Amino acid sequence: NIKSKNNKGIQKPDDYYIINSNTKFNTLESYKTARTNIMFSLPKSDKGKVVLITSSEPGEGKTTTSINLSLTFAQTGAKVLLIDCDLRKPRVHRYLKIEKSNGISNVLCGFIKLEDAIRHNVRDGLDCIPVGEIPPNPTELLASKEMSGILEKLSGEYDYIFIDTPPITTVTDAMVIAPSATGVLLVVKQNQSTYDMIDAAVEILKRSEIKILGFIMNCSEQDAAKYKYYSRKYQYSRGYNYAYRYMEEREQK
């Protein structure tokens, strides 16, 4: 069983940080707060909302955030789909304990039909499309008309689609999907993410003219909650001092 280390170097199972019936109350409430704010940040549409999730650099918790947000939205009774579009270092299949074969890359290459790639009800009403085989040309596949066509079709079948993508300052994969997304969430991590890296990520997103829905802070130590949400729209903190200080510093420059 593959395991990962937390900040203290203690071995934890891959799915340790995926929310479940034993998850602490503060963590669950933080995700619910994030869910509410994201819902209000999304524009009205007759079709499903496509939310792209990325980070400024590796190791900031974007995959666990993608899964947990998807699960939190599914708890409302909405029809929710999670797609693993990290075609370089995928982890969704590991955390959800499903096979990664016959996934999004296989659909994009025309090897299987879209409906054959969808895993139904992988957890608590959540559907998922895993990564599939790791391709030699991930950016080209994600930038293809096939990918935009897939998202167009799925947005007519699901209320919310969450897409896990690689870090935005490392490769351009997230940016080539961005035109098909309703908005993007940037995941940052306390005591790891730097102002410079967040700056760089925001500038990249601004150049794409995609709607930035807000920031998700992982491993917040302020009040024992592990996850915090910060909306750029309202310019204030929801228990997220790091984000508030960051924006305040930016305004003074």
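Ring pairs join Phe73, Tyr160 and Phe162 into a cluster in this predicted model, where rings of Phe, Tyr and Trp (its six-membered ring) are taken to pair if their centres lie within 6.5 Å, planes under 30 degrees apart being counted as stacked, those over 60 as edge-to-face and the rest as tilted. The structure holds three aromatic pairs. Phe73 counts as buried because its relative accessibility is 0%, and Tyr160 counts as buried at 13%, the term buried denoting under 20% relative accessible area, exposed over 50% and partly exposed in between (1.4 Å probe, protein chains only).

Residues are numbered from 1 along each chain as its sequence is written. Because the model is predicted, local features need pLDDT of at least 70 and side-chain atom pairs count only at pLDDT 80 or more, while totals for chains, interfaces and linings use all residues, and side-chain values use heavy atoms, with hydrogens and water left out.

The protein chain contains 10 helices and 10 strands, and 55% of its 253 residues count as buried. Of the contacts in the chain with a separation of 6 or more, 73% are accounted for by residues 24 or more positions apart, a contact meaning heavy atoms within 4.5 Å.

The largest nonpolar core comprises 42 residues, and those with the most contacts inside it are Leu81, Ile83, Ile104, Ile129, Leu154 and Ile161; a nonpolar core is a set of buried Ala, Val, Leu, Ile, Met, Phe, Trp, Tyr and Cys residues joined through side-chain atoms within 4.5 Å. Helix α9 (residues 195-208) supplies the largest share of this core, five residues. A second, separate core of 29 residues includes Ile38, Ile67, Leu82 and Phe162. When residues up to four places away in sequence are not counted, Ile83 touches Ile104, Ile129, Leu151, Leu154, Ile161, Phe162, Ile163 and Asp164. In soluble globular proteins, nonpolar side chains tend to be buried together.

Helix α7 (residues 145-154) carries the buried residues Met147, Ile150, Leu151 and Leu154. These four lie on the same side of α7, because they cover an arc of only 95° around the axis, the arc being that of the directions from the helix axis to the C-beta atoms. An α-helix has 3.6 residues a turn, so residues three or four places apart point the same way.

His93, found in helix α3 (residues 92-96), counts as buried because its relative accessibility is 13%. Leaving aside neighbours within four places in sequence, His93 is in contact with Asp84, Ile98, Glu99, Lys100 and Val131. In the loop between α3 and α4 (104-108) lies Lys97, which has a positive phi of about 55° although it is not a glycine.

Strand β5 (residues 119-123) and strand β6 (residues 126-129) run antiparallel and are joined by two bridges, strands being paired if DSSP finds at least two bridges between them. Cys128 in β6 is the bridge partner of Arg119. The hairpin of β5 and β6 has two residues between the strands, and Asp124 takes a positive phi near 45° there. Within strand β5 itself is Asn121, a residue other than glycine whose phi is likewise positive, near 55°. Asn121 counts as exposed because its relative accessible area is 52%. Met217, placed in strand β9 (residues 212-218), is by contrast buried, with a relative accessible area of 0%. The C-alpha atoms of Met217 and Leu186 are separated by 8.8 Å, the two residues being 31 residues apart along the chain.

The mean pLDDT of the protein chain is 83, and 80% of its residues reach 70 or more, pLDDT being the predictor's confidence in each residue, from 0 to 100. Over residues 222-227, pLDDT stays under 50, and the model has 21 contacts beyond four places in sequence for them. Over residues 232-253, pLDDT also stays under 50, and the corresponding number of contacts beyond four places in sequence is 44. Where pLDDT is low, the predicted coordinates should not be read in detail.
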